[in-house]
Each structure stands twice: as structure tokens, then as C-alpha cells.
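The following note sets out numbered remarks for a colleague who is reviewing the model.

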Amino acid sequence: MDSASSSARTVAACVIGGIVLGASVVALHLGAGPAAPSLPPVEALRRRFRRRHRPVRVYMDGCFDMMHYGHCNALRQARALGDELVVGVVSDDEITANKGPPVTPLHERMKMVRAVKWVDDVIPDAPYAITEDFMNKLFNEYNIDYIIHGDDPCLLPDGTDAYALAKKAGRYKQIKRTEGVSTTDIVGRMLLCVRERPVSDNQSHSSLQRQTKISHFLPTSRRIVQFSNGRGPGPDSRVVYIDGAFDLFHAGHVEILRLARGLGDFLLVGIHTDQTISSTRGPHRPIMNLHERSLSVLACRYVDEVIIGAPWHISKDMFVTCELGLSLGKLGPLIYIC
């Protein structure tokens, strides 16, 4: 009898102990105990939920002075890291304080950035360095997920990293810098240009050309494909054709391409060869070579396709080439802007 009673007490103790242990585990899991980790705030959970169900927005800033295809390639890479790209254009005063006065004013730089086909929104007068206040504004007002910059160092006059706060916040991503071009490089090419003068000055036209064509750009078919739209005109599209040098691509070029695109459904741009430009505008031109100029034009949101090395004179053969190269059938009306 005593043995049976002892066994019953043992079983009961085990059952009660199991119940207590199970309740403790459940309490810890639910965060009821003092040692349990606290759950994230409700607002943080809401923010995380919204982020999963909205486009990823990335931010990239820059001076974009004398904008070139290297800038465009940086914006293309930044856009590939998210769904929407917001670009901050640094103010004239900020550039002057950190690098010296810009060549092109803010309103022209804004126009150039807005014309790049990978840009979704633009913020004017952005600071040169990412401050805590501006970073919070990006995150809370513009819903920015990541701040993007190239792999080249961006140091302030005091030697500190302009993107240190973004890196510390864990919201920084890096892209590869485009080699072979920079605003400084382009200014250097311009300074090497010599005014046109008679050949008797002991300098031939060919030697003048060698001075101006200092470019480290190596064109590849992959880069051209990256910049291309990859689509042709529809069977009844009104195709607009405009040609030119488009050297040192600037806000005036953007405006004429915008107006040309408004005349039809598909804008085809012919880009003249280096030899054609040299023979018509002087041996010191162009500053940018044919493929550099082609990429700058291709990056423009108003342009659908380019002819690299377009002829100076428009011929019937060129129209046939356009028909065969741009669509399977006959093109609709073709407007030529001269």
C-alpha cells in the first residue's frame, strides 16, 4: 500500500513538473518573462511590411558638372540596385566650397540629370556630404532604402568620408566607377585644343588631331547594349530623324532632342564620325570620340535609337537601311530635321 502510494506521488510530481516547465517555455517564447527578448516596436514592423510591398528606392547624388557618359553609366548602375532612382544634384555653393566653382550652373545640371532615362526623380540643392538631418529626410520623406556611390573615395576638405553616416547606418551600397572619363579629363582635352591656324605654323592638321583625341575609352558591344532601349518602332510609327555631332553633350542638345521626339513616335539620331566633324568644324574637334558621344545620346530618355557614324548627306540608301534595321516592314512617315 505504501509502495503504491509512493509511486502515485512520484508520477504526480513528474506530471506537475512537466506542466510547470512547459508553461515556462511558453512564457519565454511569448516574452512574458523578464529575461525574454523584447519584440520590435509596432512602427518598425509596419515600416518593414511596407518596405516589402513597395518599390525599392535608391538615392545617388553628385555634382554632374559637364555631364558625360561616365555619369550616365553610374546612374544606370545605381538604378539596377533598386526599382526607382532618386538623384540629388549638389548646389553651386556646395561645389564651390568643396571642389571649386562648377562649369555649368545648377539649372543646366538639373536638366541634364532629368533627361537621363534611368532617373525617376531629382532633388535640387543636395548637400555635398550626407549629414544626419539630410539622411533622415531621405529615409523618412523620400522613402529611400539605400544610398549609392561609386568605389572612388569621396573625401571632404577635412579628410573625412562624405558617406560615413550612410555606411554606419548600414544603408550604403557601392557601384563601380566608369574608367577612362571624368570632368577633369574632359577639361584637360579642351585645354589641349589649339585654335585653327594655317598649316604653315609648323604643325599639320594630323598632329593637331592627335593632341585633341586623348581618350582612354574602350568601347564594347556590351556597354552599347546596356545603354540601348532594345526596341524598334511600330509598323505605323512616325519616325523622326535628326543628326549631328553632339560633342560635349549639353542642355541645348537635350532640349532639341526633346522637341524632335515630340514630333513623332520614335526618335532616330544620327551621330557623325570623328573624321566628318574634323573636316567640317576644324581639326581640333571633336573633343569626345564617336563612341563616347553615342553613349551620351543613347542615355537620353528622348532618344529611341542611334546610327553610329551617320553620313553627312542623307541618301536613299540610308532610308532603306533604316527600314531594314528598325522594323520588319515599311516604316511609317519619316521626318528629317536639319
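**Remarks on the predicted model**

1. D304 is buried, its relative accessible area being 5%. The side chain of D304 meets that of R231 in a salt bridge, with an N to O distance of 3.6 Å. R231 sits in the loop between α10 (221-227) and β6 (239-244), while D304 sits in the loop between α13 (290-298) and β8 (305-310), so the bridge ties together parts 73 residues apart in sequence. R231, with a relative accessible area of 51%, is exposed, because the limit for that class is over 50%.

2. How many salt bridges does the structure hold? The count is 11. Among them is the pair D145 and R54, whose side chains meet at 2.9 Å, N to O. This pair links distant parts of the chain, 91 residues apart: D145 is in the loop between α6 and β4, and R54 in the loop between α2 (42-52) and β1. D145 counts as buried at 2% relative accessibility, whereas R54 is partly exposed at 24%.

3. A further bridge joins D120 to R79, with the closest N and O atoms 3.0 Å apart. Here the loop between α5 (106-114) and β3 (121-126) contributes D120 and helix α3 contributes R79, so parts of the chain 41 residues apart in sequence are tied together. D120 is partly exposed, with a relative accessible area of 43%, and R79 is likewise partly exposed, at 25%.

4. The largest pocket has a volume of about 840 Å³. Its lining comprises 32 residues, of which C63, H71, K99, D152 and T183 are the closest to its centre. Which elements each supply at least two residues of this lining? They are β1 (57-62), α3 (69-80), β4 (146-150) and α8. By class, the lining of the largest pocket has 15 nonpolar, 11 polar and six charged residues.

5. A search of the whole structure finds one cavity of 30 Å³ or more. About 60 Å³ of space lies in the largest cavity. Its lining consists of M67, H68, C72, M112, A115, V116, F249, V254, S296, A299 and C300. Nine of the lining residues are nonpolar and two are polar, and none is charged.

6. L138 belongs to helix α6 (residues 132-140). Is L138 buried or exposed? L138 counts as buried, because its relative accessibility is 0%, and the class takes values under 20%. The C-alpha atoms of L138 and V58 are separated by 9.6 Å, although these residues are 80 apart along the chain.

7. On the surface, V103, V187 and L191 form a nonpolar patch, with about 280 Å² of accessible area together. Of these residues, V187 is located in helix α8 (residues 183-192). V187 is partly exposed, with a relative accessible area of 30%. Helix α8 is also one of the elements that each supply at least two residues to the lining of the largest pocket.

Terms used
Residues numbered from 1 in each chain as written. Predicted model: local features only at pLDDT ≥ 70, side-chain atom pairs only at ≥ 80, totals over all residues. Heavy atoms only, no water. Patch = residues over 30% accessible without salt bridge, like charges linked within 9 Å, V, L, I, M, F, W, Y side chains within 5 Å. Areas by Shrake-Rupley, 256 points an atom, 1.4 Å probe, with all protein chains shown as cover. Salt bridge = Lys/Arg side-chain N within 4 Å of Asp/Glu carboxyl O. Helix = DSSP H or I, 4+ residues; strand = E, 2+ residues; numbered from the N terminus. Buried < 20%, exposed > 50% of the residue type's maximum accessible area, 1.4 Å probe, protein only. 1 Å grid on protein atoms, 1.4 Å probe; cavity = no way out; pocket = protein on both sides within 12 Å on 5 of 7 lines; lining within 4 Å. Points joined across faces, edges and corners; volume = space filled by probe spheres on them. Nonpolar A, V, L, I, M, F, W, Y, C, P; charged D, E, K, R; others polar.
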